[in-house]
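Trainee: Could you walk me through this one? I have not looked at it before.

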Amino acid sequence: WFAALPYPEWSELVTPDIRKEMLLPEQVAPMPAACHELTAMQLWDMRTWLPGDLLVKLDSMCMAASVEGRLPFLDHGVMEAAFALPPSQRATLFHGKRMLYNIAKSYVPKAILRRPKAGFPVPMASWMKGSGHGYVLAILKSRQLQQRNIYNKEVLDRYITEHFQGGKDWSRLLWNVLTLELWMQVFLDNFSANGHSYAREVLLP
């Protein structure tokens, strides 16, 4: 969620009751008192993004395809060796994974080494503004969502308007709001499109 919107904006988006329950980034992943900025960023990723996002997706997709995933760079010995390096040897402004880059350039073609990083994103923005437009708006403006008292309606409506009419891309933020609301409708409201209890009848045999 913090990747979709910085904390100050998040505090504006949610209602005061929710804001009181929110943890600050430093509370989610406390850092050592004397910590280099690069080390702090890497520790934050290691404590939040890896276990809460990337590794979850890897495990789910591998199991779905009956593939056993292996993560050699997360071996504790490799991680300990990496964090023992001075920050300047781990990464620079223009070179992430600097030591791996220096090793790989003796074996990997230059065209691959200098190729831009590519992740595995889904085309949320084009889907939301295309075939999913009506569905997304129906959920984001639904009575169920508004009655939960999670979001400041005026602020959420502003992000929706900016995304669909103002030329800004808030797809990542709106996707988070959308999926959380759908989860609540399924697991808290026992709601599904056909009027049956999806959680009870399908997910909980």
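Mentor: Let us start with Asp157 and Lys153, whose side chains meet in a salt bridge at 2.7 Å, N to O (a salt bridge is a side-chain nitrogen of Lys or Arg within 4 Å of a carboxyl oxygen of Asp or Glu). This is a predicted model, in which local features need pLDDT of at least 70 and side-chain atom pairs count only at pLDDT 80 or more, while totals for chains, interfaces and linings use all residues. Residues are numbered from 1 along each chain as its sequence is written, and side-chain values use heavy atoms, with hydrogens and water left out.

Trainee: How are Asp157 and Lys153 separated in helix 12?

Mentor: They are four residues apart in helix 12, so about one helical turn separates them (helices are DSSP runs of H or I, at least four residues, and strands are runs of E, at least two, numbered from the N terminus).

Trainee: Okay, and is Asp157 buried or exposed?

Mentor: Asp157 is buried, with a relative accessible area of 17%, whereas Lys153 is partly exposed at 46% (buried means under 20% relative accessible area, exposed over 50%, partly exposed in between, with a 1.4 Å probe and protein chains only).

Trainee: How many salt bridges does the structure hold?

Mentor: The structure holds eight. One of them joins Glu181 to Arg148, with the closest N and O atoms 2.7 Å apart, and that pair links distant parts of the chain, 33 residues apart, with Glu181 in helix 13 and Arg148 in the loop between helix 11 and helix 12.

Trainee: New topic: where is Asn149?

Mentor: Asn149 lies in the loop between helix 11 and helix 12, and its phi is near 60°, a positive value in a residue other than glycine.
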